[in-house]
Amino acid sequence: RKGAMHRVEAIARQLQPKPWQKIVDEAREEVKEVGILELHEMFRRNPNLRVLDVREDKEAENMPIPSWFRPVRVGRGVLERDVVGKLPNLEEEILCVCAGGSRSVKAAQVMQEMGYKKVYSLKEGAAGLCKGHPLNNPKVKKGFLETVGNTPLIRLNKLSELTGCEILGKAEFMNPGGSVKDRPALQLILDAERRGLIKPGATITEATSGNTGIGLAHVCNARGYKLVVCMPKTMSLEKQRTLKQLGAKVILTEPIPLKDPVTGKPNMDHYHNLAPLLAKQGRDRGENIFCVNQWQNTANREAHYLTTGPEILQQTGGKIDCFCAATGTGGTIGGISRYLKDYSPKTKVVLVDCFGSALHSWATTGDEGTEKVLAGERWCPKPKMSPGSSPVTEGIGNSIITANMEGLRDYIDDCIQIPDADAIRMVFRLLYEEAIFVGGSAALNVCAAVEMAKRLGPGHTIVTILCDSGFRYGSKFFNKQWMQEKQLYDFLPPEHREGIE
């Protein structure tokens, strides 16, 4: 009887189907799996890459794949080959995507058996496409690079109650390097590595108003590169000191015009022009040196399309009526606006500008004038400039239409200019009423969010960017002499002047 039982159990084991994990493991031997970064490069190489969504309907509804990927819904049908008429032709490159990735592998294997030659499976599954960079997801972060992104979305309680809208700030000052610029800094370096533009031990050069330089300094330390930054001497002392403390070589430049007003030639002592010039001179000498050029390198914009935009959409549950952001290089608003508009074209995108910048004219009228200016290594149109300049904000508002801003006007619904008086008041208002200490650019963004709340009326959700921390501007905003010289001190109510010395 005992022997018979063993024989029955043995036969039962033979009749049992293979465990799902074993099926997947066998499929992985035949299918190529790619990560988000590899997928990014694949789309760069072949914009016609097709994405097959092999999830259940409920899964797809809860976490929709961005329309930019042009997903084709086939559900579980691909596993049963019940997808006639839904699949592309045999010659197209295809990426199979599922919730966790395991079904993607099996689907890709089935499609190979059906005759498809270029089929891949996404390791991170649908969450990878919807949430962005895979380095954002692990619970235990492995070093600096994995801590970039996934910042909180904070409800500004007092302002939300005042306006009747949900005013939400993306807390980019909580990135490990302290600003929104950590994202493009990481993407610029990783993109250059993938393209073979930098080698181990390279020297990186960059023009920066501070935050991108600080982000790059962290990334360079993590990846073993040296960093040389060019920045105007008018930038805050805190930024200058932080860069030096992080090991970067800092070259301070005079606040001079981008090109000589007499000769019309590019002024190579301007920090925008100096950084790429240093890289070119170094390459001519045979040095291992590269300028990442955040202004004209669209990896800047792609960092926000791949990470910040998906995070905002996920954190708001897809309910977002308006997005407001100021810009300097065009990366933040360029990437996020594209992602949000791809998901819902009804989402309003508002460019925020300071007085003294040319971008308001460009965004509202498209007036690009006839004069040309040199931006980095590329000639760009120059819009008409507004009179004056803003002492409150650093790194935003300029006369340069960068590569990251190309096509941006198609995504912008409105542009709001914020006076310096309103921006500096908002810095202290956020500090003392919302307990959030941010810099001038973030305050500018929040001012615009409040203005849009008034225009749209109660019940709307408005998201903006809290770019960096106010700790980077203590030598300015909390320096009474500086505030008085810039004629900002008198704009503050008496109760907000107590911490200024």
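Predicted model: local features only at pLDDT ≥ 70, side-chain atom pairs only at ≥ 80, totals over all residues.
Student: What makes Y473 count as buried?

Tutor: Buried means under 20% relative accessible area. Y473 has a relative accessible area of 2%, so Y473 is buried.

Student: Why is the pair of Y473 and F477 called stacked?

Tutor: Check the centres, then the planes. The centres are 5.6 Å apart, and a pair needs them within 6.5 Å. The planes make 20 degrees; under 30 degrees counts as stacked, so that is the label.

Student: Then why is the pair of F428 and F478 called tilted?

Tutor: A search of the whole structure finds 7 aromatic pairs. F428 and F478 form one with 5.2 Å centre to centre and 50 degrees between the planes. Stacked needs under 30 degrees and edge-to-face needs over 60, so 50 degrees comes out as tilted. The two residues are 50 apart in the chain, with F428 in helix α15 and F478 in the loop between α17 and α18. Both F428 and F478 are buried. Ring pairs also link them with Y432, F437 and F471 into a cluster.

Student: What do the buried residues of α15 pack against?

Tutor: Among their partners are α7, β16 and α16. The buried residues of α15 include A421, I424, V427 and F428.

Key:
Residues numbered from 1 in each chain as written. Heavy atoms only, no water. Buried < 20%, exposed > 50% of the residue type's maximum accessible area, 1.4 Å probe, protein only. Helix = DSSP H or I, 4+ residues; strand = E, 2+ residues; numbered from the N terminus. Contact = heavy atoms within 4.5 Å. Phe/Tyr/Trp six-rings, centres within 6.5 Å; stacked < 30°, edge-to-face > 60°.
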